[in-house]
Amino acid sequence: GQKNEEEAGSHYKSNSSILSLTHSSFTQGTQSPEHERIKELVCSIHPLISEETALLFARDIFEKVFTLSDRIIQEQKNAQQSQAQHHPSDLYVLMLVNEVCLFVLQTAREKNAQLVTQELTKLFLSHEKRWQHKYIAVNFIRLRLINMVDLDQHLTEHLQQPNNPETRQVVEFAGSIVQRCLVDEQLITQKDLKNTLEMLAEIAKATQAESQGAPPPATETDAAAAGGEFFAKPGAKPMAKPAAVAAAPVASQAAAAVPAAAATAQATPAMTAARAAAAGGKVPAPGSTNLAAGGSEAELRAMVSKMFKEWIAICTGKASKEEGGMQTLQQQAMGYIHKLQHHGMLKAVPVMDKFFSLLMEMSLEYCVQDLEKQEKEAAEEGDEKKKKPGTSNSHFLTVDAYSDLIVLLIKCCGRGQQQPKQSEGKEDPLNNITAEVALLTKVVAVVSRVLMEDHDHQLKILVDAVPNGTPFSGFHQQPYFRFYSNLLIALNQSQGDSQNPSSNDILTVFSNTFHALSPLRLPGFAFSWLELISHRMFMPKLLLTKNQEGWPHFQRLLVIALQFLEPSLRNAQLPDAIRLFYKGTLKILLVLLHDFPEFLCSCHFSFCDVIPSSCIQMRNVILSSFPGHMRLPDPFTPNLKVDLLPEITQSPRILSKYSDHLKPSDKGPPPVSKEEIDHYLANRAPASWLQTLHTKLLLPTNASPANAGTRYNIPVISALVLYVGVSAIQRLQAASTENPQTTVSTLDTSAMDIYHELAVRLDSEGRYLFLNAVANHLRYPNNHTHYFSCVVLHLFADSRQHQEIIQEQITRILLERLIVNRPHPWGLLITFLELVKNPRYEFWKKMFIHCTPEIERLFDNVGQSCSGNLPKVRQHGVAGVAGAVAGAAGPAIPGSPPPAAATSAAQAAAAQGPLGVQPKSPVPKA
């Protein structure tokens with residue numbers, strides 16, 4: 001033991017805080033050779049203790065614990081007398097050795113629980129210094145080294161001796177046990193100390209009854225200075241004060257110390273009486289004795305500032321160690337929570353809102369000041385400035401402390417809201433879940449409100465800038481990101497498994513919060529928002545929730561990101577900030593394509609609905625997804641029969657509520673209703689509805705085409721195309737089931753009439769959008785891909801009017817999706833290969849292919865890739881066609897929106913070139 005203390009002293013001599021055995025760095029880190037020696041010695045203790053030797057170890061170590069406690073108290077007194085700011089290094093060594101002793105006792109109990117607990121209880125209750133070392137009792141209770149029934153009985157017996165000179169020490173001891181183990185850490189229940197609590201309440205009531213009608217007694221300090229005596233009246237003879245009466249203030253405090261959180265459970269009559277006695281016979285109203293209930297705004301701010309500084313001191317390890325310096329970080333934290341309850345900060349909802357709001361504002365103020373200071377220094381010193389090691393995140397100190405406090409409150413909320421036990425000793429966790437989620441919802445709502453006010457304030461300064469006015473300092477999003485990120489990490493780690501009942505609720509709270517903080521509402525928070533929705537503790541866990549309950553939440557967030565990008569991508573106006581946001585969104589889609597392809601498969605409709613037509617590569621990433629269990633057939637296999645594939649009869653899963661665009665809403669009736677479509681599909685009438693259908697797809701007259709980028713209602717077009725296709729597939733399947741021997745044609749149907757009419761009657765812009773909506777369903781093998789592939793090929797071959805224009809636009813739509821970088825949808829490639837290889841379509845005889853030598857050379861390369869050089873195409877997979885096209889294409893330029901008049905599809909493809917291929921392009925990959 002002496003050797004251990006010497007080596008520990010050498011290691012901790014220059015340290016400001018002890019490296020506890022429970023600290024992760026104790027076993028994981030490598031601080032010094034002395035530390036490695038200490039770690040080796042500690043780890044070698046466990047194998048030495050067995051079931052046979054456990055009792056021997058427990059007896060030997062027990063006396064050592066009391067000796068260490070005496071020395072620790074003496075060292076603490078020496079530090080106070082010398083007015084040192086930090087405890088001597090010897091104190092830290094003693095605390096470490098004390099931890100080792102407790103570790104030995106805990107290990108001994110694990111080997112032989114019954115005998116060790118019985119022996120340690122006997123030794124403790126018979127020790128002459130037991131009342132002076134209450135922290136030993138707390139540690140024994142925490143480690144379950146003492147029998148609570150015996151302890152309760154022992155305390156009760158000594159509290160029943162009013163004239164015993166030790167009664168005051170016993171009351172103080174019992175009060176400390178109640179405060180620490182029942183109130184702060186909730187290591188025990190009221191039942192464990194039932195008799196002790198009743199005795200404390202009786203002592204408090206008896207003292208109150210004796211003091212009625214008598215002059216105000218002297219204070220506890222005065223009584224102690226008078227040697228335990230007090231005078232009933234001036235000049236009277238001093239009377240000896242009974243020990244029980246002298247201990248009455250302590251008894252009242254101990255009996256009233258049962259916290260408000262624990263009091264939500266059924267309180268015993270003795271506890272109620274004790275609290276009433278401590279309050280002078282009246283139970284105080286909640287918050288009536290704290291500043292938060294009636295203090296002014298300035299007083300509340302001053303109190304919150306003071307309390308926040310205390311919390312930061314606890315988090316940084318600089319807090320003064322009370323009660324002999326033996327408090328652990330957990331004990332200090334629980335004591336701080338009790339202090340917040342005492343001051344009423346966590347009782348009334350308005351006070352709680354103000355408390356959380358002030359904490360966030362104070363955290364933000366310090367963080368922003370430090371950030372601006374560092375930015376100024378960096379600007380003055382240039383790029384040669386180097387950050388000091390270990391101080392890169394110093395400006396987040398207050399934000400980290402605030403988030404740590406919130407996490408602690410949420411955890412305590414779950415424990416403090418526990419209900420009485422159910423039958424068979426089981427507890428219902430739903431009440432705890434509700435309490436945790438409710439507090440988290442309240443906190444993030446307050447922080448979000450502060451964020452919005454800060455953002456709007458900085459935006460107003462920027463817009464309304466006046467000379468000599470408030471300078472624009474910019475909106476700092478880093479502190480808010482740090483706060484939300486800290487909460488995500490801490491709460492997900494505490495919840496553990498994603499199947500935890502409260503895990504989904506917590507993720508839902510964050511999802512709703514991020515939805516409220518949308519970049520459409522707060523563009524200054526866009527980058528942090530994008531980082532948060534793709535956070536490793538949010539996105540994967542949300543997508544891995546049971547029964548895929550989190551998919552709609554993340555679909556909603558990803559749609560917001562695409563909507564934020566849509567105006568810039570549509571107009572090909574991409575400043576550096578938008579370009580960076582685009583790259584981040586594309587990376588998220590690539591991660592989803594690799595890790596969660598089923599999510600993209602199920603939600604592709606909602607995403608494609610908000611991606612502009614010129615953003616081809618991003619759309620391809622989404623449409624290239626396919627279920628993880630599926631293996632795609634090689635599209636270049638000779639004589640591949642797509643209609644014979646087993647997957648081609650299966651319907652894809654679509655989570656998007658596409659039919660909502662065809663139903664009445666708050667804005668009024670839809671342009672095209674679901675009932676009208678169903679009526680025509682069933683009756684193939686009326687013809688007038690079909691002839692005027694294309695006019696219903698235009699935006700309302702009060703809508704601005706400049707803002708929408710088009711004159712057409714794209715969501716309605718997309719919903720109409722998919723709904724008609726799904727209905728047609730269902731009718732074909734029903735007809736095939738009724739007549740298995742009859743081949744059902746997909747061509748002569750009411751659904752194909754609708755597609756034909758739209759292709760013929762729409763102008764070039766509307767037709768481009770319509771054909772794009774059809775091509776969005778050329779994906780992995782399923783019956784939707786097969787059906788819409790047949791629709792494209794049929795429209796190419798059997799157009800009744802404007803045949804050449806329709807064929808040009810079909811070729812353009814297919815080709816522009818293939819000339820970009822990989823990935824390429826399987827169904828798109830299958831359809832294009834069928835179009836160029838099947839002589840029925842006479843693709844190579846079309847006039848638009850031979851309009852210019854450049855265009856003709858482009859399609860010659862395509863033809864060689866599809867038919868004349870199959871081995872090379874197979875080697876490059878679906879990129880073979882794209883590679884051939886890129887070889888003859890011109891320089892990369894941004895994709896343009898669909899032209900208002902008919903243009904050659906080949907000219908458009910050649911002009912666009914390999915979109916997003918060249919890194920020096922003025923726009924990101926589209």
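User: Is C603 buried or exposed?

Analyst: This is a predicted model. The cut-off for buried is under 20% relative accessible area. C603 has 0% relative accessibility, so C603 counts as buried.

User: How many disulfides does the whole structure have?

Analyst: A disulfide needs two cysteine sulfur atoms within 2.5 Å. A search of the whole structure gives a count of zero. C603 is in no disulfide, and its nearest cysteine sulfur, that of C601, lies 9.5 Å away. The number of disulfides found is zero.

User: Is C608 buried or exposed?

Analyst: Buried means under 20% relative accessible area. C608 is at 8% relative accessibility, so C608 counts as buried.

User: What is the geometry of the aromatic pair F483 and Y484?

Analyst: The whole structure has 29 aromatic pairs. In the pair of F483 and Y484, the ring centres are 5.6 Å apart. Both residues are buried. Their planes meet at 70°, and planes over 60 degrees apart count as edge-to-face. The pair is therefore edge-to-face.

User: What is the geometry of the pair F510 and F514?

Analyst: F510 and F514 are four residues apart in helix α23, about one helical turn. F510 is buried at 0% relative accessible area, and F514 is buried at 0%. Their ring centres are 6.1 Å apart. The planes are at 35°, so the pair is tilted.

User: Which residues form one aromatic cluster with W131?

Analyst: Ring pairing requires centres within 6.5 Å. One aromatic cluster contains W131.

Terms used. Residues numbered from 1 in each chain as written. Predicted model: local features only at pLDDT ≥ 70, side-chain atom pairs only at ≥ 80, totals over all residues. Heavy atoms only, no water. Buried < 20%, exposed > 50% of the residue type's maximum accessible area, 1.4 Å probe, protein only. Phe/Tyr/Trp six-rings, centres within 6.5 Å; stacked < 30°, edge-to-face > 60°. Helix = DSSP H or I, 4+ residues; strand = E, 2+ residues; numbered from the N terminus.
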